[in-house]
Amino acid sequence: MMVLPLVVRIERATPPERTDALEAAAMAVLGLLDDPGEWQAELETWQSTGRIRKVVRRARGAEWRRALELPGRTVEHGSAEVRVHPPVPLDAWPKELAKLQVGGTELADSAEPGPAEPPVLWENPALEMSAGKAMAQAGHAAQLAWWASSPEDRAVWRAMGLRVSVRRAEGFDELAAGGLPVVRDAGFTEIAPGSCTFVADVPWLRVRS
C-alpha cells in the first residue's frame, strides 16, 4: 500500500490554529495533484490503487528542519506550516519521517474562524477526530473534489490559489446527501469504518449535483 506523508509543524510554544492546519493540509494535497513535477510516477502509483491513504505526523525544532531537507513542498497558511512529501510504500517511509510521532496533534482554534469562502470542506461535527486525523480527511475531501472537477474548473481553482475553507457543518447529513463529494473513512484509526467525515462543497460541483 502507498501512502501520502504529511508533516505539520507543531512547536510547543506556538502551535498552529486547528483550522489553519486543516486548510493547509488540503491545499498541500491540491498543490501536489495539480503539479506533481518529478513525483508524477509516485503519484500515479498511489492514485491507481483507489485507496488515497494519507498519514499526518508532527514535527518541531530539529525534526522539522530534517523534514525540510527531504523531497517535498511546504504550504504556509495563516499560523500553520504543512509539508507534503511524495507518496511512499506504507512499510518504507524515509527514516527521518518514520521517527516522527502520529499522536499529539490535538490542536484547537483560539477564536471562532471567520466566514467561510468557497470552496468549503465541511467537517462532520458529530465525530471526534484529532487534528491530524482531520487533516488527512480534509486532504481526502480536496482530492475527491479535484478528481470530480473538469480541466476548466481546475483552472478556476488554480487561479484562486487552490484555496479552501474548512469549517464544521450544521446540517452535515443533509450536505452529505446532496450529491457532493463525501469522504467515507476506511476505519484504520480513531473512527468507525464507513464514517462520513467531510463533504467537499465546491461551487462548480454544486451546480451539477
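Begin by selecting helix α5, residues 131-148, because helices here are DSSP runs of H or I with at least four residues, strands are runs of E with at least two, and both are numbered from the N terminus. This helix gives seven residues to the lining of the largest pocket, the largest share of that lining. The model is predicted, so local features need pLDDT of at least 70 and side-chain atom pairs count only at pLDDT 80 or more, while totals for chains, interfaces and linings use all residues. Residues are numbered from 1 along each chain as its sequence is written, and side-chain values use heavy atoms, with hydrogens and water left out.

**The largest pocket**

A pocket is an open set of points on a 1 Å grid over the protein atoms alone, where a 1.4 Å probe fits, with protein on both sides within 12 Å along at least five of seven lines, and lining residues have an atom within 4 Å of a point. The largest pocket holds about 560 Å³ of space, a volume being the space filled by probe spheres set on the points, which are joined across faces, edges and corners. Now select Arg 53, Lys 54, Gln 137, His 140 and Asp 185, which are the closest to the centre of this pocket among its 29 lining residues. By class, the lining has 12 nonpolar, nine polar and eight charged residues, where Ala, Val, Leu, Ile, Met, Phe, Trp, Tyr, Cys and Pro count as nonpolar, Asp, Glu, Lys and Arg as charged, and the others, Gly among them, as polar.

**Gln 137**

Stay with Gln 137, which is found in helix α5. Is Gln 137 buried or exposed? Gln 137 has a relative accessible area of 1% and is buried (buried means under 20%, exposed over 50%, partly exposed in between, with a 1.4 Å probe and protein chains only). Leaving aside residues up to four places away in sequence, Gln 137 touches Met 129, Val 183, Asp 185, Thr 197 and Phe 198, where contact means heavy atoms within 4.5 Å.

**The nonpolar core**

Next select Val 82, Leu 121, Met 135, Trp 157 and Phe 198, which touch the most other members of the largest nonpolar core, a set of 58 residues. Such a core is a set of buried Ala, Val, Leu, Ile, Met, Phe, Trp, Tyr and Cys residues joined through side-chain atoms within 4.5 Å. If you centre the view on Met 135, you can find its contacts with Val 8, Ala 21, Leu 22, Ala 25, Val 56 and Val 82, again not counting residues up to four places away in sequence.

**Three tryptophans**

Finally, select Trp 146, Trp 157 and Trp 204, which form one aromatic cluster. Rings of Phe, Tyr and Trp (its six-membered ring) pair if their centres lie within 6.5 Å, and planes under 30 degrees apart count as stacked, over 60 as edge-to-face and the rest as tilted. By this rule the count comes to two aromatic pairs. The ring centres of Trp 146 and Trp 157 are 5.9 Å apart with the planes at 45 degrees, so this pair is tilted. Trp 146 lies in helix α5 and Trp 157 in helix α6 (residues 151-159), 11 residues apart. Trp 157 also pairs with Trp 204 in an edge-to-face arrangement, 5.5 Å centre to centre and 70 degrees between the planes.
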